[in-house]
Amino acid sequence: MGGKHLKLRTIVIVAIIAVFAFSIYPLAPRDFYETFFKALKVKDDAVAAELVSDAKQLQAGRPDLNQAAALLEAAEAKKVDLVPLVSGRNLAGNADVIAMVRKEASGSIRLGLDLNGGVEFILELIPDKELLARFAEGGTAADREKMEKQIATEFNRYREQAIETLRKRLESQNIFESDITPFGARSVSLKAPITSRDEKDKLLSLIKMSCKLNFRLVHPESARLLANYDPATYLPPPGYEVLEEGGRTRARYLVARRPEMTGQSVSKAMPVRDQFGQIKIALEFNSKGAADFARVTGENLHRQLAIVLDDKLYCAPVIQSVITGGHAEISGSFSNEEAQQIADALSAGSFPFQIDVTAVYDTAPSMGADNVRNGIYAGILAAVLLTLFMCIYYFRAGAIACIALGANVVLILGAMAAFGATMTMPGIAGVILTLGMAVDANVLVFERMREELNAGKSLATAVDLGYEKAFSAVFDGNLTTLICALILMYFGSGPVKGFAVSLSIGIVSSMFTALCLTRLIFDYALKYGHWKTLKMCRFFKNPHFDFLGRRKWAFLGSGLLILASLIVLEYKGAKMLGVDFTGGTRISYTYSEQVPVAELEKLLQPIDPNVRISYKSNPSARDNRKLEILIRDRSGTAESGAFSLNDRVTKLLNEKFPALKAADGQETTVGGLVGAETGKASVLAILLALLGMCIYISIRFELSFAVAGMLALLHDVIIAIGLYVAMGRELSLPVVAAVLTVIGYSINDTIVIFDRIREDSRLMPEKSFREIINIAINSTLSRTILTSVTTFLVVVVMFCFGGIVINDFVLVMMLGIVIGTYSSIFIASPLAAMWHRRIGAAKQ
């Protein structure tokens, strides 16, 4: 590319970085009323000032009222239309104005429950009439007592469905880092990283939507029968009820109680605008729903079909013809936000329950301030060491790589802000880890430059050829991992989907900075800095190791490690699963003075190494402060049988921290954060991701390479998990994220070697495939070792100084880096040789 289009490339690259840098602002939420004033067309609008004053008065009398709701209520009370007062597009009413201001006032990056706390809703699930009827069908529950027993038996299955529906609804709002668990006998605990009152109210309205959609026929003589309607005396015909349509018309209809069909067959819902700009909700049915809707409309031509959502009538259009396309629309007086919420809830599914919110708590960060501070300091130290290492090893080229890494952090944070991702402490560790992994693309380019310089090429030519020859390895490695991430994002659920979002952002940003930004800087250095050469250190000068000659010993060692790992996993069984998967006992205390979370965790680790501790409060309750401990008894001591878990924990707390004054301990059984449906979805997503990577490698290389790469990945995962569990650790959600990161890291490392094998097989047709593999591994050995060292350096710093919360995450990464580097050299390439078919003129 040389210096071609230098100005244009500079403008584009700087513009992209500037856009994402601007997305980071503001990190912290702004005052709602101040943001409202800034959105006004006339800055000193007297009407707006009066409305804000009224809203503040409403809040003074009702402390639970948030700013957005108070301003909306004040505007509605005075019948003020806010749309003409503010600058904005597609604002259909006051609710849209409030939503716009709320979005402007929110912080750019949502912090997770561990860093910033959030909100917890305790939701009681009450079986509704439809669910009760479902149990009674077919004579399976002939009397009330039998029915109640059957409900008790199958309740957990329906509760699991409700949890997955809640999870999907939160994911529709880009909230992936939530905790949703069974709580007690009939309830669910939902924790989300939401802090402002306005966001809580918005989330609560989304949660409480049961979204039961019914299509019911309107009585053919509805207008005549309701001509003299008096709600005090009117008695509807049997099987019908009077429903009033919302909006300005307030029309009443006699609507059949029994639905012709329900919304269970809705596969997709989305808000749309008609030709008049009115908002509607477009419905798309699955094949069964489309057939049912065609039958209903075909049998009831010229009758009105009422569309009823959560017992609220939205519209009652006349059926003019048979509708066979599997589409329908709900019209009504919707705001943009309300239409989107309803569409999201319909797409996520309806609840087989009525939901009663029994308690709402503000939760403090699950990580103590010391842990957060340690994690940030560890990140800074890791970045400094990485910068020093690159600058010392690659000199000026290393400094360019470090500039790209800084831009990479800006792009990642900006993208997370733009896409509404949630930042957690493992997420911060992942960003820092990305710095180590992002070095890989730069190293590939620099090592290629070194080869060209050693061959006597000029620096300008070496730079051109370095980027040209490294491109395929960088592209294939990153695209393979990106395919994995996209499949996980589409098919995964909960934390797996959240991880995939972060991974996708990191891959795209690191490729952009490594291939575009660094190249731009090199072009400027060549044109204006008059650089003539580049000094670089190197691990190996001309390595000639016979790696394939040692494959038998490597296979034997790996086989023994895999066997030992499987034995450990079989021996541990369910004991290796942490509270994220198994659930545990939640003990809730009242307390007097707070004790740092880190100190409480240290005290209770002999009972449960992965104990979860948090503080929460409820301003409207009398006992408004709680200390909550989620724990499983793994101590196995003789004392365990003599005292209850509650008694032992209470005794430990009050003996060690008398100022805490923990009292009134209440035990509740809590289910795992990963439910059965989430687990199935995650396993399916991972299997599909591996299949997707296998297909891509087969297309870009050949099937033998794909099989070898997948077997090497399986090798890495089994051994890494086996060694981790053998150390007495437990599998948790951060560990799952770490294993997925290892998969991405390992396949990228393997593909770099595969790419060199593919290139050398074309350049050296006289060599045997065994010789080509050895040459390729030796040629990339410096790059392999350097990338592993830089990434390992970051992980070791995070392990030593990052705190207990990310300790498991980085430990798995440490194991994965070592095992992945080993497998790329000693397992993947020899396996490819075993199944290889001839490439061109290469001889076996």
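Biologist: Why is Ile376 called partly exposed?

Modeller: In this predicted model, Ile376 has a relative accessible area of 41%; buried would mean under 20% and exposed over 50%, so Ile376, with its 41%, falls in between and is called partly exposed.

Biologist: What makes Ile376 part of a nonpolar patch on the surface, and where does Ile376 lie?

Modeller: Ile376 lies in helix H13, which covers residues 369-394, and together with Tyr377, Ile380, Val384, Leu388 and Ile392 it forms a nonpolar patch with about 600 Å² of accessible area. A patch residue needs over 30% relative accessible area, and Ile376, at 41%, therefore passes that cut-off.

Biologist: Why are strands E8 and E12 said to stand at the edges?

Modeller: Four strands form an open sheet in the order E8-E5-E11-E12, with antiparallel pairing. Strand E8 (261-262) and strand E12 (312-315) each have a single partner strand, so one side of each is left without a neighbour in the sheet.

Biologist: How do you know that E11 and E12 pair?

Modeller: Pairing requires at least two bridges between two strands, and three bridges join strand E11 (residues 305-309) to E12, so the two count as paired, in the antiparallel sense. In one of these contacts, Ile307 has Cys315 in E12 as its bridge partner.

Biologist: What makes strand E2 mostly covered, and which strands does E2 pair with?

Modeller: Eight of the ten residues in strand E2 (residues 118-127) are buried. Ten bridges join E2 to strand E14 (residues 353-363) in antiparallel fashion, with Gly118 opposite Thr363, while six antiparallel bridges link E2 to strand E4 (residues 187-192), where Leu190 is the bridge partner of Phe121.

Conventions:
Residues numbered from 1 in each chain as written. Predicted model: local features only at pLDDT ≥ 70, side-chain atom pairs only at ≥ 80, totals over all residues. Heavy atoms only, no water. Patch = residues over 30% accessible without salt bridge, like charges linked within 9 Å, V, L, I, M, F, W, Y side chains within 5 Å. Areas by Shrake-Rupley, 256 points an atom, 1.4 Å probe, with all protein chains shown as cover. Salt bridge = Lys/Arg side-chain N within 4 Å of Asp/Glu carboxyl O. Buried < 20%, exposed > 50% of the residue type's maximum accessible area, 1.4 Å probe, protein only.
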